[in-house]
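Trainee: I have a structure to learn from. Can you walk me through the terms as we go?
Mentor: Gladly. Let us look at it together.

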Amino acid sequence: MTKRIFLITTTILLVFTACKKEKGCTDFAATNYNADAEEDDGSCTYAINGCMNPSANNFDPLATIDDGSCIFPQVTYGCTDSTAINYNPTAIVDDSSCCYVAGCTDTLALNYTPNACYDDGSCTYFTPTPYQIISPSGFPNMDIPSNNPMTVEGVNLGNKLFHDKILSGNGMQACASCHLQSAAFSDTNQFSTGIDGLFGDRNASTIINAGWNNSNFWDGRASSLEEQAFDPVTNPLEMHDNWLNVENKLNADDEYPALFKNAFNIDYIDSNHVVMAIAQFERTLISANSKFDKYLRGEAQLSPSELGGHAIFNTEKGDCFHCHGTQMFMDNLFHNNGLDPEPFIDLGLGKITNDASDNGKFKTPTLRNIEFSAPYMHDGRFGTLEQVVEHYNSGGEYSSTVDPLMKKLGVGLQLTNQEKQDLVAFLKTLTDTDFITQ
Amino acid sequence: MKRVFLIITTISLAFTACKKEKGCTDLLATNYNADAEEDDGSCIHSGCTDSTAFNYIATANSDDGSCCFQSGCTDPAAYNYDPSACYNDGTCKYNLLLSFTHTIDGNALQINEMIYSNTVGQNYSIQTLRYLISDITLHSANGTSILLDEVHFITISDSSTVNLDIQDLNSANYTAISFTMGLDSLKNITDLYLNESFFPSFAWPDFMGGGYHYMQLEGDYTTAFQGYATHTGGTDGLDFSFTKNFPIAINIENVNTTVIINMEINNWYSNPNTITLTSDGIMDNANKQALLQANGIADVFSVNINY
């Protein structure tokens, strides 16, 4: 009997067991979906997006997937030291940014303070005022070196240097001592006397429209005005100083360091910047307001004599224009105008080029303000314009390098006295009183 | 039974005889089969099969390793030759050197030497020779032309002015070169060329018509004590410039192509007009200018090519 019951029970159990359905989550969308479950037992769990970081304001304990939406409580970082310049009263966490030195923090500024960590708005910058060179009518563009742009500060500094005797060995001579404005920035003496009482063998060049010179000095040995200005300061016959000494004097001066700082943004004055300033000043020495300029502009009339001279000048009768043509009244070239026979005392261009065919050639000077730039020629041999005209009128001396434009050597132009006077009258219309006096 | 066999054999033979030879029938394919009567799609077309390459061939089905991904100028004779380029994109540009030479009686000019003589028997030397050549133009067979330089100043005292290096020229069938001696009336205007190297030395006074000299040829003649100045230009606003056209094939696709423009100086003074050197100025002398112009047109200039 027992055995029978056991069998029945077992059978029933087996039947029940066999028939019992597998229970579980049957929702395909649930995270715990059970593919074997035949009956849903309510155990399905689903993914919940939300903030899972417990320290966030919007922590969602039910979230199963962090969706990046956490918002954290505002913690202000900053300098928490009330003695610092940048103390932030609202800062809760110190971020080591505390700063105790204020100043200019911009490395590009003139007054950059290297140890300053807090910019107090005090930065000042190198902003020199551009100086605009306006080419007069009939003049080309001025060729200004790209490394020495014209500025008002540079020009003013150059003007001061040009007139300052500090550049000479004994403090007795300035550039302006031999380049007098009243003499068209030339010297009325045939040869200029240096600080040691010595003098050279050439007449001081005028500085008129020199910004358009392709070369400088009578022999053209300096290609730029900057290069030119290096020479007289150390020349034993002129200002006879040395550049180290000049630099020391300028750096020790009360005014110059600040002026150079403003003009060039340099803290130590060197010779390069001295000549740059002087060259900038020289480029402003522009003369284009003579009576003749006014005549061309229709603002003035020339007298019959002046007009007669103009015609001689501008035709091959006088043939002045080939070298002294255009409103520049110079050709930027070198010529032997028949002053001397060979051998030449002064080789001129030939000494610089070592080319015998250049011997006796000198740079054509502008004729502007010629009335005031006596004496004339490279060696100042002629004291008056009449003497100059007479030189060309009588034809000049033969030499192997004499210019073919001195066509009739020993014969000359053969002008009448009236024509010579007319020529001189025309030359005097090139006087620009504004240039001489201002 | 025998009869059935015969029929089958006959049918088989008929089928065999009619079967066409198959293969590649495309003459352009690498595996073209001349015997093939029917194309079986086996043709191999070699070439670049990468559609991103410059030389991609859409019909190629066999890559031959020729694909090129760098375009540029592939001509070593071009000045913008790109050695890394494998595909010529048609951008090749060529240089052309113009060389201005000067002879007297066919011999190279020597300055400052009293060794020359003109048709009237005057001995002369030359110290200065400067002149302006304008509107230098290359002409091609298709009728188009290229302006090489508007104004070129030549002075024998500066060797850099006797050569003119023209860059950026496209390849073309150039058949002629032309230029103007001096400046025509549209160009010969005072202050038009203020910033050129020939200002101020070449200026022609407004008093005599303005503009510029065409030429300054100067030296001594007969004895060393007399100078002459053969200065040509637009006297009193007249136009004495002249244009010369030289038909000549110019192949610029050569590294060393040089067009030589020679001035035979002595010919300024002869043919058709015999001109005597004088120490008097000629700038204001329209008749003299016209005589020089005619001589200039006749046989002063010649053009040759060097490769």
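Mentor: Of the 54 residues in the largest nonpolar core, Tyr131(B), Leu132(B), Ile133(B) and Tyr212(B) touch the most other members. This is a predicted model: local features need pLDDT of at least 70, side-chain atom pairs count only at pLDDT 80 or more, and totals for chains, interfaces and linings use all residues. Residues are numbered from 1 along each chain as its sequence is written, while chains are lettered from A and ligands numbered from 1 in the order in which they are written.

Trainee: What makes a set of residues a nonpolar core?
Mentor: Its members are buried Ala, Val, Leu, Ile, Met, Phe, Trp, Tyr and Cys residues, joined through C-beta atoms within 7 Å. Buried means that 20 or more other C-beta atoms lie within 10 Å of the residue's own, with C-beta atoms placed from the backbone (exposed is 12 or fewer, partly exposed in between).

Trainee: Which strand gives the largest share of this core?
Mentor: β11(B), with 6 residues. Strands are DSSP runs of E, at least two residues; helices are runs of H or I, at least four; both are numbered from the N terminus.

Trainee: What does Tyr131(B) touch?
Mentor: Ile154(B), Tyr214(B) and Met215(B), not counting residues up to four places away in sequence. Contact means C-beta atoms, placed from the backbone, within 7 Å.

Trainee: Why are α9(A) and α13(A) called roughly perpendicular?
Mentor: They pack at an angle of about 95°, with their axes 7 Å apart. Axes are lines fitted to C-alpha atoms, for helices over the stretch in contact, and angles run from 0 to 180 degrees between N-to-C directions. Under 35 degrees is roughly parallel, over 145 roughly antiparallel, 65 to 115 roughly perpendicular, and the rest oblique. Therefore α9(A) and α13(A) are roughly perpendicular.

Trainee: At what angle do α2(A) and α7(A) cross?
Mentor: Roughly 100°, and their axes come within 7 Å. So α2(A) is roughly perpendicular to α7(A).

Trainee: How many residues of each class are in that contact?
Mentor: The contact of α2(A) with α7(A) has 10 nonpolar, 4 polar and no charged residues. Ala, Val, Leu, Ile, Met, Phe, Trp, Tyr, Cys and Pro count as nonpolar, Asp, Glu, Lys and Arg as charged, and the others, Gly among them, as polar.

Trainee: How many residues are in contact between the chains?
Mentor: 26 residues of chain B are in contact with 24 residues of chain A. On the side of chain B that touches chain A, the largest share, 6 residues, comes from β16(B). That side divides into 12 nonpolar, 10 polar and 4 charged residues.

Key
Contact = placed C-beta atoms within 7 Å.
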